[in-house]
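This briefing goes through one protein chain, topic by topic. Please look over the sequence and the structure before reading the points below.

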Amino acid sequence: MLRVLGYIVLVALIVAGAVWLAERPGDVTLVWQGWRVDTSVPILLLAVLVVVAIIWAILRILRGIGAIPGVVRESVREKRRKRGLSALGSGYAAVAAGDARRARSYAGDAEKLLDAPQATRLLAAQAALLSGDGDDARKRFEALLDDSDTELPALRGLMDQALASGDRVRARDYAERAFAKGRPAWAGETLFNLQAGNGEYEAAQGTLDAGAKAGIFTGERLNTLRATLLIARAEGALANGALWEGVKLAKQAHERDPGFVPAAMLLARAYKQDNKERKAAHVIETTWKRSPHPDLGAAYLALFEEEGALKRSKRADALAQVNPEARESRLLSAEAALDAELWGQARAKLKPLAEEPVGPRFARLMARVEEGEMNDTKAALDWLKRAADNAASGDRSAVPPHWQCERCSHVPPQWAPTCPACGTFASVTWQGPARALVPVSQPASAASAA
């Protein structure tokens, strides 16, 4: 609005000036070098304006001609910048795709074309790491540590390189520096795992708490990690004869996650060492209601190992009643009945599972029933053959339930806080129960054909 008003005022002034000059034309005489020019004031002013306009136009043309080299240089520079950015993007795409040769080629092009040392040096370092040139990658990453913008990615590259070479000490140092700087998730995860895997449980607890505040560890996984840390500390205390400390830590782990089988197993073992079998049994019963597991069943019956087979069968029935619909409850109760030679009861307990596919454990129990009650070796072998056919089918769904590391797929004989193969903390989980392939209701001939 103010600009429009300004234009109106300017036009008004020009018109007023023109009118004023028209009313007062006047005469002007110009004598120079023998020349005489007579004219009016308005014509003189118009001539002056024309001369000024011509001079201004000539100056603009000269300025445009002088700017041509700069325009050419800027055009060349822009083309180089576009080619450099294209090489940079293609280089990072090659790194993501694992193409070391193309990554190094694009990194070289980007360094030549771009004046952006942070981005190009980082790409060159990652390309060198990908191609296996460890010394070159390390030098390039270390050169980026002094720049706050590239420090974190450089620390990650150095950490990954140290982990790949098995240098857990250097890897931990880099992860610790990165975690202190910006709390990135990759640094928190790695630092926690290295600390916990090395038995530094108090330091790992501090990292876990800081990571939880930063949102790195959340939900069920956070509870599992905290419970596993407590279990690891409790195991250390029990191994060193500190029974009271072991019971306290195991109890904290169990209270944090009552459905976590390893916590219940350890607390029950600690109570048993303290001659508190009733408390141990209560712990197992609490967890059985949430997570019935064969290891829990075995630990429960081991509390009463001095009792006869018949009493132990009743104990198994009592535990099964805590979670009567669970498949594991039926299998535990049937197995205890077989140990007591209660063949009819065992068969009756297994009958509700008759419509489910055959698994290895179920097949072994049915084989014991057939051989123990009917002395029918052929029927027993038929059950075992069904389980063997499933295992030989190549379908992973036929694999029986087991403990397995989620990181490296190692199958340890029992749960442990740290995978014995790859050293990853809290990675061993229960895989199963698995689905078998051949239904119980099929005859043996059909099972063989499958």
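Helix α16 (residues 327–339) and helix α18 (residues 360–373) pack with their axes 11 Å apart, at an angle of about 30 degrees. The model is predicted. An angle under 35 degrees counts as roughly parallel, and α16 and α18 are therefore roughly parallel to each other.

**Helices α16 and α18**

- The crossing that α16 and α18 form is left-handed.
- On the α16 side, the contact is made by R327, E328, L331, L332, E335, L338 and D339.
- On the α18 side, R361, F362, L365, R368 and V369 make the contact.
- Sorted by class, the residues of this contact of α16 with α18 are six nonpolar and six charged, with no polar ones.

**Helices α12 and α13**

- Helix α12 (residues 261–273) packs with α13 at an angle of about 170 degrees, and their axes are 7 Å apart.
- Because an angle over 145 degrees counts as roughly antiparallel, α12 is roughly antiparallel to α13.
- From α12, the residues V261, A264, L267, A268, Y271 and K272 take part in the contact.
- From α13, the residues E277, K279, A280, V283, I284 and T287 take part.
- The contact of α12 with α13 has eight nonpolar residues, one polar residue and three charged residues.

**Helices α13 and α14**

- Helix α13 (residues 277–290) also packs with helix α14 (residues 294–302), at an angle of about 155 degrees and with the axes 10 Å apart.
- This angle makes α13 roughly antiparallel to α14.
- The crossing in which α13 passes α14 is left-handed.
- A281, I284, E285, T287 and W288 of α13 meet L296, G297, A299 and Y300 of α14 in this contact.
- The residues of the contact of α13 with α14 are six nonpolar, two polar and one charged.
- I284 and T287 of α13 take part in the contact with α12, and I284 and T287 also take part in the contact with α14.

**The chain as a whole**

- The chain has 20 helices and four strands.
- Its length is 450 residues, of which 34% count as buried.
- Among the contacts in the chain with a separation of 6 or more, 52% are between residues 24 or more positions apart.
- The chain exposes about 25800 Å², and carbon and sulfur atoms supply 56% of this area.

**The loop between β3 and β4**

- S409 lies in the loop between β3 (402–405) and β4 (428–431).
- S409 has a positive phi of about 70 degrees, although S409 is not a glycine.
- The relative accessible area of S409 is 45%, so S409 is partly exposed.
- A426 is found in the loop between β3 and β4, and A426 has a positive phi of about 55 degrees although it is not a glycine.
- T424 lies in the loop between β3 and β4 as well.
- Buried means under 20% relative accessible area, and T424 is therefore buried, with a relative accessible area of 10%.
- Not counting residues up to four places away in sequence, T424 touches N193, R407, P417, T418 and C419.

**D27 in strand β1**

- D27 is found in strand β1 (residues 27–32).
- Exposed means over 50% relative accessible area, so D27, at 74% relative accessibility, counts as exposed.
- D27 and D38 are eleven residues apart along the chain, and their C-alpha atoms are separated by 7.2 Å.
- Leaving aside neighbours within four places in sequence, D27 is in contact with T39 and S40.

**S313 in helix α15**

- S313 has its place in helix α15 (residues 309–320).
- Its relative accessibility is 2%, so S313 counts as buried.
- S313 touches A336, A337, A340 and L342, not counting residues up to four places away in sequence.

Technical notes: Residues numbered from 1 in each chain as written. Predicted model: local features only at pLDDT ≥ 70, side-chain atom pairs only at ≥ 80, totals over all residues. Heavy atoms only, no water. Helix = DSSP H or I, 4+ residues; strand = E, 2+ residues; numbered from the N terminus. Buried < 20%, exposed > 50% of the residue type's maximum accessible area, 1.4 Å probe, protein only. Contact = heavy atoms within 4.5 Å. Areas by Shrake-Rupley, 256 points an atom, 1.4 Å probe, with all protein chains shown as cover. Axes fitted to C-alpha atoms, helices over the stretch in contact; angles between N-to-C directions. Parallel < 35°, antiparallel > 145°, perpendicular 65-115°, else oblique. Left-handed = near helix turned anticlockwise from the far one by under 90°. Nonpolar A, V, L, I, M, F, W, Y, C, P; charged D, E, K, R; others polar.
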